[in-house]
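Please keep the sequence and the model in view while reading.

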Amino acid sequence: MTRFEKCVLLLTLAVALIVPYIFESYALRVAASVLYFIVLASSWNLLLGYAGVLSFAHAAFAGIGAYTTGLLSAGFLGHHVCASLVQLDLLLNAGGFVFGGVCAEGYSRDFSAGVHPVIGVFAGGLVAAGIGWGLGRMCLKTRGPYLALMTLGFSETVRLTLQIEHDYTRGSLGLRIPYLWVTDDGLPNHVLGYIMMLALTVITIVVLYRLVNSEKGLYLKAMREDEDVAQVMGVDLVKWKVRAFVISSAFAGFAGALYAHLFVQVLDPKMLMILEMGLILAMTIVGGLGTLTGPVIGALLLVILWEFMRDISPYAHMLLFATLVIVVMKFFRGGLFGLVSPWLKQKNLIGKAPPFTVE
Amino acid sequence: MDYYLLSQLVNGVIFGLIYALIALGLTIVFSIMRVVNFSHGEFYMIGGYTLYALTAGAVTIFSIPLSLPTIVGLPLAMIAVAIFGIAVERGLLRPVYTVRMDRPEEYAIILTFGLSLFLQYGALTTVGPYEMTPGSFWDGSKHIFGDLYLAGDRLFAAGTSALLIAITLYFIYGTWTGRALMATAQNRVGSTIVGINTVRMNIIAMALAGLLAGAAGAAMAPIFLVYPDVGQIPVIKAFVIIVLGGMGSIPGAVIAAIILGLVESLGSVYLSVAYRDVFAFLVLIGVLLFRPHGLFGQKERRA
């Protein structure tokens with residue numbers, strides 16, 4: 001890292017740490033959603049930008065993480081324990097008052113029947129990683145467009161399943177999940193939540209930085225540049241693709257679960273929609289594929305644009321993002337960071353130039 | 001024989017024929033251009049909207065409401081989508097095979113994915129999320145025999161599909177242009193050497209895909225109505241079909257489509273109606289696990 005890079009990094013961190021002291025609740029939520037999307041876009045970038053694996057299931061993994069902790073901490077266990085308590089009441093002829101009365105109230109307000117959210121968040125990340133391993137083992141053997149098709153199908157299937165199994169997930173009605181921290185007056189503590197999201201973001205970026213600058217990162221980049229040559233040079237393609245896929249899905253799962261507990265009160269299968277995947281894709285592509293800086297810039301810029309476009313129409317932001325994706329892919333594939341980095345490189349301000357150039 | 005089962009079988013074949021119409025365009029584009037067109041579902045959507053605009057009387061030109069008969073609207077919708085397909089090829093996809101670039105497959109997928117979102121949200125902002133109902137092609141329920149009744153529109157859609165599939169197969173296997181298309185699919189460089197204009201073949205492939213997707217969108221519009229993300233589920237099924245049939249295989253796509261139609265119909269009878277749209281994915285997993293090159297595809301050779 002050059003001195004310039006260190007300065008920018010420290011400045012960014014300082015600004016990120018000041019944010020909760022300047023912004024009010026709504027702006028703080030927006031800032032947290034920037035962090036959420038930075039984690040998702042960065043970990044997706046590990047797949048497409050570094051390993052050359054195009055997956056459309058990233059939003060689905062975030063959703064799997066969120067629903068895992070949601071079901072553990074509220075719906076699944078809570079609902080079924082309550083249902084059996086109500087039945088016990090009926091057996092005792094108590095008219096649903098002794099146990100069930102507590103429970104009917106408890107099901108909506110108090111989540112005592114479920115596991116603690118912290119365990120839920122870790123479970124969310126692990127389950128996402130596990131499913132990512134399974135899906136990766138199954139479809140990373142194939143090359144070319146098969147993977148994109150298969151992950152898209154997987155993502156839609158998970159969404160449909162969550163919608164159909166409404167006995168457990170409450171389908172499109174939404175699954176209420178508990179907040180991780182509440183203040184004394186019962187409202188969620190957004191400052192602490194923001195700090196947690198920031199911590200996750202920093203961990204993600206540090207892990208990714210160490211990974212892509214290690215020998216293993218070289219394997220991934222070699223696969224991106226030329227799979228056949230990488231294989232000839234002794235890189236086990238399937239093994240390393242699966243590893244990248246697992247790491248990336250684990251981060252998505254953690255981000256989804258943590259964000260759900262901190263800022264989302266009601267989970268909806270909509271968070272697995274292709275639209276969400278489109279957001280992640282747009283942020284990565286617009287910011288700059290194959291760089292660690294790119295997704296951060298992209299997420300920050302696009303979420304801010306999104307906030308400004310809320311007044312125009314609820315769908316206008318997606319129209320703009322899709323246009324940006326097309327324009328970037330057509331004219332400058334390095335994204336915004338790819339536009340400025342040759343200049344920065346020339347001034348010796350940054351170490352490496354990003355990989356994507358159009359000949 | 002049980003009439004319920006029979007009607008489900010017939011429905012399966014009908015849906016299979018319609019899926020085949022959507023998948024055929026996708027597989028032709030893939031075989032010629034090596035591009036998976038992620039905006040194919042939006043081609044389908046545009047077909048439906050064009051039919052609605054031309055026939056429902058909701059659009060006026062010089063204060064005369066457009067209310068053509070639906071049977072006239074169908075070919076017009078096909079032509080409109082074909083022109084759109086040519087524009088997409090010319091404007092966005094041409095660099096895939098004319099410019100040297102790294103990872104053209106990903107480039108094409110991301111670009112068409114962006115285009116798909118653009119068209120979906122463009123439709124949402126301009127016409128809104130409302131479901132629109134174009135007029136029917138063949139009104140009412142038709143009595144076939146015994147206790148077997150079928151909706152006229154479904155019969156019409158299946159008949160149109162069968163006819164268009166037959167014409168497409170004749171075009172590809174029976175004409176010189178079709179042979180040139182097949183040659184381009186087999187070997188791009190080789191076909192350039194023998195004097196085939198491969199850029200023109202790309203245009204023909206995209207136009208053909210547009211015609212077929214437009215026809216599917218228009219023919220299905222009275223059954224499934226028209227709304228911005230109407231193409232989402234059909235196109236995912238078409239993806240499954242082209243993988244099942246073998247990427248780029250034309251007869252494979254038709255047969256796989258009918259298989260998928262039957263699997264869905266029988267699955268919703270014997271397993272679960274709610275999971276109807278999920279069966280396609282189970283088929284996809286099975287194919288990729290046991291026969292990754294599909295039923296009729298050739299094992300991939302990389303130069």
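What percentage of the 359 residues of chain A count as buried? The figure is 49%, where a residue is buried if 20 or more other C-beta atoms, placed from the backbone, lie within 10 Å of its own, exposed if 12 or fewer, and partly exposed in between.

The model is predicted, with local features needing pLDDT of at least 70 and side-chain atom pairs counting only at pLDDT 80 or more, while totals for chains, interfaces and linings use all residues. Residues are numbered from 1 along each chain as its sequence is written, and chains are lettered from A and ligands numbered from 1 in the order in which they are written.

Chain A has 16 helices and 2 strands; these are DSSP runs numbered from the N terminus, helices being H or I of at least four residues and strands E of at least two. Two residues are in contact if their C-beta atoms, placed from the backbone, lie within 7 Å. Among the contacts in chain A with a separation of 6 or more, 77% join residues 24 or more positions apart.

Next comes a pair of helices. Two packed helices are described by the angle between their axes and the distance between the axes. Helix α13 (residues 274-287) and helix α14 (residues 293-309) of chain A have axes that come within 7 Å and cross at roughly 120 degrees. Axes are lines fitted to C-alpha atoms, for helices over the stretch in contact, and angles run from 0 to 180 degrees between N-to-C directions. α13(A) and α14(A) are therefore oblique to each other (under 35 degrees is roughly parallel, over 145 roughly antiparallel, 65 to 115 roughly perpendicular, the rest oblique).

Chain B also touches chain A: 35 residues of chain B are in contact with 36 residues of chain A. α5(B) supplies the largest share of this side of chain B, 15 residues. The table lists the helices of chain B that each supply at least two residues of that side.

| Helix of chain B | Residues |
|---|---|
| α5 | residues 104-126 |
| α10 | residues 232-245 |
| α12 | residues 279-290 |

Finally, B:Gly231 lies in the loop between α9 (198-224) and α10 of chain B. B:Gly231 is buried, because 29 other C-beta atoms lie within 10 Å. Not counting residues up to four places away in sequence, B:Gly231 touches B:Gly41, B:Glu42, B:Tyr44 and B:Met45.
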